[in-house]
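Please consider the structure shown here, and ask of each label on what grounds it is given.

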Amino acid sequence: MVKIIGLVGSNSDHSTNRMLLQFMQRHFADQAKINLLEIKDLPVFNKPEDKKIPEEVQIMAEKIEAADGVVISTPEYDHSVPAALLNALHWLSYGIHPFVDKPVMITGASYGRLGTSRAQAHLRQVLEAPELKARVMPGSGFLLSYSLQAFDEGNNLKDREEVKKLEKMFTDFLSFVEICKQLNKAYAMNKKEVENFS
Amino acid sequence: MKIVGIVGSNAEVSYNRQLLKFIKNHFHSLFELDLVEIKDVPMFNQSNDQTYSEPVQRIHRKITNADGVIIATPEHNYTVPAALKSLIEWLSYKIHSLENKPVMIVGASYFNQGTSRAQVHLRQILNAPGVNGIVMPGNEFLLGNAKEAFDENGNLKDQGTVEFLKSCLEKFIRFINVVSVLEDKPAALLEDLHATGTIETTVEGVDMYAEDWLEQAAEKVNAVEGNTYVKLDRGLLTVDQINDFLRSMPMELTFVDSNNQFLYYNRTLPAEEMLASRTPGQVGNPLAKCHPEKVHKSVEWVIQQLRSGKTDSVRVHVPTHGPDKFVVHTYKAMYDQDGNYAGVNEYVLDLKPVIDWYLQQTGQKLVGNPDAVSGASVKGSSEGADTVSGASVKA
C-alpha cells in the first residue's frame with residue numbers, strides 16, 4: 001500500500017491540524033498507510049558550522065525518504081507558517097535532502113474563517129526552495145476553517161461536504177504520487193544539484 | 001532617537017549581525033542603535049507559554065522603549081529563519097511589542113538575491129493583526145553576496161551601497177515621525193537629540209561633531225567678527241562689543257537652537273572652573289553628544305516641556321557643588337519674533353552670593369521652615385537634576 005507521512009505542523013499539545021491528519025489516517029486507511037510525524041521538541045535551528053543534524057531529525061528524514069508522499073498540515077501564525085514547522089524544514093534541508101522531488105499535499109486548519117490560506121501560500125514557496133525542492137500538488141490545498149467546531153465527539157469531520165472535498169483531493173494526491181513516479185528522469189540530477197548547493 | 005536592531009539570525013557567524021554593527025557604528029550620528037540577539041529565545045509553543053521568560057521580556061522591554069525597530073533577516077528556504085519567526089510569535093501572542101512600532105527591514109545573504117523573498121514574507125508577517133508593526137514601504141535594502149561585501153574592519157566596501165543605505169535610514173527616521181503623527185502619540189518621544197534635521201539657520205555641509213566646527217562653519221557662511229557693526233533690537237554694537245557684553249554676564253549662558261544643536265556659550269572661564277563645564281570643541285555638537293546616554297531621556301523631557309509650550313522655563317538646583325554654593329540651571333525657551341520656539345537659553349547661576357547680599361543689605365536672617373517645600377522640590381525636579389548633573393559632569 002502507498003506509504004504517506006502526515007507531518008503535523010504544530011508543536012501544540014492541542015492541535016486541530018493533528019486532529020485533521022488523524023482523521024485522514026483513519027478515513028483513508030484502505031487507500032494508504034498514513035504515519036504521523038511530530039515536530040515537537042526539535043532544537044532551534046542555528047545553522048551549526050559542523051553541519052551536525054540532531055538524531056531525531058535524522059530519523060524523520062529517513063521516514064520521509066522512505067515514504068511515497070507527504071501531507072503537511074499547517075496552522076497559521078501571524079499570516080505565515082509557524083516557527084516550529086519552519087524549524088523542522090530548516091533541519092530537514094541542512095545537508096540532508098529528503099524532500100527532493102517528494103510529492104507533497106498541503107492541508108491546514110484554523111480557528112477562523114480563512115483556514116490558513118496565507119500560511120499555505122508561504123509553505124508552497126518554502127517547499128520550492130532549492131534545498132527542499134519538493135513536488136507540491138498544484139491547485140489549492142485543503143483549507144479547514146472554524147476547526148474548533150469542525151469535529152464531532154468521535155473526532156471525525158462533521159461536514160459531509162468537507163469530507164467529500166477532502167476525499168477527492170486525497171484521491172487526486174494519490175494519482176499525483178503515481179504521476180510523480182514517472183517524473184524520474186531528472187531526479188538524480190536534482191539530488192546532485194541540491195547537494196552541491198550548500 | 002533610539003532604535004532597536006534585531007539580529008534575525010541565531011547562527012554564530014552572521015552577515016546580518018555584521019550589517020547591523022556597521023549601521024550602528026557608521027550612522028551613529030543619525031540614531032543610537034541597540035543590537036538585540038535572538039539566540040536565547042525559546043521555540044514558540046502555545047502549550048508551553050514562555051512569554052514572561054527573561055529572554056522574551058528583555059527584548060519586549062527594549063522594543064517598547066525604542067522609537068523604531070530595524071530587523072535584519074537572513075533567508076532560509078525562501079523565508080525568514082524559524083528563530084526570528086519564533087521571536088515574532090512570542091511578541092504577538094500574549095503581548096504585542098511591535099504594535100504600531102515603525103519597522104524597517106534589511107537583509108544580507110550569501111547569494112545575489114539578498115533575502116528578497118524572506119523580506120516579502122517578513123513584511124506580510126509584520127502586517128498580521130497580532131503583530132501590527134508599521135513597516136516602512138519601499139526602501140528595500142538587500143545585501144547580496146555578503147561574504148565579499150565587507151572589508152576586514154567590518155565596513156561595507158561599496159560606496160554606492162553605503163550611500164543607498166544612508167538614504168534608506170534617513171527616510172526611516174522621517175518615517176518614524178510620520179508614524180507618530182498617525183498614532184497621535186505625545187511628541188515627547190520624538191525629541192531628536194542627534195539634530196538630524198535642519199532648520200533655516202543650520203549650517204549644512206559641516207560635520208557637527210568636528211572640533212573646529214566653529215571655524216569651518218564661520219568660513220562657510222562668511223561670518224562677521226571683530227569691529228564689524230551689528231544692528232540689534234535695540235542698539236548698535238560691534239561683534240567685539242557683543243562678546244564683551246556677553247562675557248560680563250554674571251552667569252554661564254548656553255544657546256541651543258530648535259534643532260537641538262549646541263551653538264554658543266559665553267566663554268569666560270576654562271572648562272574646569274565653570275559651574276557647568278563647556279569646552280571650545282563642543283560648539284556645534286548635537287545635544288546627544290553633549291550628554292551621556294543615560295540622561296538622554298531627561299534631556300528630551302526638558303526640551304519637550306519647552307518646545308510644546310507646557311512651560312517656558314525649567315529650573316533645576318544642582319547640589320553637587322557643596323554647601324557654599326546654590327547652583328541653579330534654568331532652561332528658558334527662546335522664541336523668534338513670530339513666537340515660534342527657537343531653542344533653549346540655559347543659564348547657570350550661583351544664587352548664594354545674591355541671597356547673602358540681600359540678607360546683609362536688609363539685615364534679615366534665614367529661618368528654617370519645617371513645612372518648607374525644599375524636600376518636595378528636590379524630589380519633584382529630580383528628573384531635571386539628572387539632566388544637568390550629567391551634562392555638567394561629562395561636558
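The questions and answers below set computed values against their definitions.

This is a predicted model, in which local features need pLDDT of at least 70, side-chain atom pairs count only at pLDDT 80 or more, and totals for chains, interfaces and linings use all residues. Residues are numbered from 1 along each chain as its sequence is written, chains are lettered from A and ligands numbered from 1 in the order written, and side-chain values use heavy atoms, without hydrogens and water.

Q: Why is Asp212(B) called partly exposed?
A: Its relative accessible area is 35%. Buried means under 20%, exposed over 50%, and partly exposed in between (1.4 Å probe, protein chains only). Asp212(B) is therefore partly exposed.

Q: Where does Asp212(B) lie?
A: Asp212(B) is in the loop between α6 (159-183) and α7 (213-221) of chain B; helices (H or I, at least four residues) and strands (E, at least two) are DSSP runs, numbered from the N terminus.

Q: Why is Ile355(B) called partly exposed?
A: Its relative accessibility is 32%, so Ile355(B) counts as partly exposed. This residue belongs to helix α11 (residues 352-362) of chain B.

Q: What makes strand β13 of chain B mostly covered?
A: Eight of the ten residues in β13 (residues 341-350) are buried.

Q: How do you know that β9(B) and β13(B) pair?
A: Two strands pair if DSSP finds at least two bridges between them. Strand β9 (residues 252-257) of chain B and β13(B) have six bridges, in the antiparallel sense. Val256(B) stands opposite Val344(B) in β13(B).

Q: Which strand do nine bridges join to β13(B)?
A: Strand β12 (residues 327-335) of chain B, which runs antiparallel to β13(B). Met334(B) has Gly343(B) as its bridge partner in β13(B).
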